Amino acid sequence: MTIEDRSLRSACKCPSMQAFVAPGRTFRTPAVEADRRWKEPRDRTTLNMAVPTEVASLAQPLGLPLAQPFITLLARGGSGMANATPPSEGVTFLVLAGGFGLIAWFIASEFLFLRDKTQTMVEADGSGGKKDFTWSDLIDYRLDYFFSTSEWANVILLLGLSYLLVVFGAGLLVVADSDDYATISEAAWTSWTYVVDPGAQADAPSELVPRTVSLVVTLGGLLVFALLIGIVGESIGEKLEDLKTGKSRVFESGHTLMLNWNDKSLAVIRQIALANESEGGGTMVVLSQLEKEEMENRLDMALNAKEDPLDLMGTEVIFRQGNPILESDLKKVSANTARAVIALTPPDFTSDEADANMLRQVLALKALDDNFGQGGSHVVVELQDVDNKGLIQMVAPDFAEVIVNHDMIGRLMLQCARTPELAFVLDNMMGFEGSEFYFDDWPELYGKTFYEITCRFDDAIPVGFRSEDGTVTMNPEDDMVYNEGDEILVLAEDDDSYEPNDGTYSMAAGQCRPDEEECPVPFEDNRPPEKVLFCGWRRDMADLVSQLDDFVPEGSELWLFNTIPANMRQGRLLDGGNKAELKLKNLVIKNAVGNSIIRR
């Protein structure tokens, strides 16, 4: 049946069908038309299309028969552009030619690079031009380099394979059956459907060559799809692994930052949670070289402990894995916007190694900002040896508050050993359970002396001042004046549990209570000599002995009971020449050799 062009265009809405049927031409379905043309005798060697003979024959002299579809396709595109084809044809040609050019440029540049690399290695080896490697080894080396250094290598490989399949399939379709695929766009689109949709080959012409092309391109598409699934799965897995290991940045401000993780970390978290309880909770960030999952597991064990479980009281704890002395990792946990920074000594280090690491820690924090630690952020640094405290003050004066944990515990042990029940008092004062020390500013008390302030708080006990330059004065003189810019240090239950009274109270400071017969008399040191026993040995034994000498009355005895021979103890006290010889005023040292854990 002959269909007029006008009636056919009005009946068919598809532009491709309108282009397929010409005026006065007998209309047939694509399958019937394909069978008809394939059965008609024709000379397949001439390709029956507008392709220059010299271009179509370029593949054979070069010895590259597989390149003939690409050259044919590009030649068809160039011829189509010269004959003023529609804009879509020109765009398709430019895309295909541009991709082909990029791949050719990449292969050529890699070939030249490997050739130069080979010549350099042969000349440097001095083996007389003999190579102990092959081109396959060089290609493997370059592939390994690209995949290990470029995060886009997998994507580029996927796009490159897809492009080659599309161009290869389109070229074969044009060569094998040029009448069915009269334009580059038709051939490229058909090849693309074979790549992305395995079921598209069912619509291929029934001839052997088109179906073979569709099968080969579809198998290549399955390979590309499998590679795509692998790349996507690997990318998602890497992202989940980054989230598990804590590599993402923390966006917080006004939080408490703890650097490093040791045996004191859980106790610090407990105290910070107690401090934040009155504020409804807060945020605490932990940065350590330990794995994030390990730190989270330790916290979960403390939270789920059967005895004395840890209660965060609304405080959120965020863990990140990283090196606390690296500026990039400090920025990752927003150290420059933290309210307080607690730098703990790393575990499994000797005292000098740990203190050296903390010195680097202070320098890393100071590198974030020259004013860091002197503004809103309060920095507390833990050291293990009191002799290294001066190093921190030398490299970063007035930058951080240094706590020598070993030395502080030793002094507290001395005081608690000499004063019964003192440990209970210190435990209530230093933890956030019970009463704690707080600084605050009270303008209504400006100009008053410490003597007058002592009775101005009903629910707190004033114990000192902190001046505007940060100097803290404990138990100041009665006539010391509280000035503007200073803060009052008190012992109270919480920071919002006290405020000044109106100045009326039942008795003035220094007066006797009505039920007392006489006021307390000033303290007089008429204590008898003491005997103190030290069991074991510490690295800072000389410091403990010197401190105890200041506390005890004259004539007191200190017995050192440990397994170290008596003739070696003097050298231990001098710490290999690092400490000066002890000059005691009140103590007399006695030596006893033995094991303190054996009863006899």
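How far apart are the end C-alpha atoms of helix α15 (residues 351–368)? The views below show a predicted model, in which local features need pLDDT of at least 70, side-chain atom pairs count only at pLDDT 80 or more, and totals for chains, interfaces and linings use all residues. Residues are numbered from 1 along each chain as its sequence is written, and side-chain values use heavy atoms, with hydrogens and water left out.

**View 1. The span of helix α15.** The end C-alpha atoms of α15 are 26 Å apart, which agrees with the 26 Å that its 18 residues should span at 1.5 Å a residue. The expected span is 1.5 Å times one less than the number of residues. Helices (H or I, at least four residues) and strands (E, at least two) are DSSP runs, numbered from the N terminus; the protein chain has 21 helices and 13 strands.

**View 2. The buried residues of α15.** Among the buried residues of this helix are Ala 354, Met 358, Val 362 and Leu 365. Buried means under 20% relative accessible area (1.4 Å probe, protein chains only). Seen down the axis of α15, the buried residues fall within an arc of 170°, so they line one face of the helix. The arc is that of the directions from the helix axis to the C-beta atoms.

**View 3. The neighbours of α15.** Its buried residues pack against elements including β1 (256–259), β4 (340–343) and α16 (389–395). A contact here means heavy atoms within 4.5 Å.

Conventions: Buried means under 20% relative accessible area, exposed over 50%, partly exposed in between (1.4 Å probe, protein chains only).
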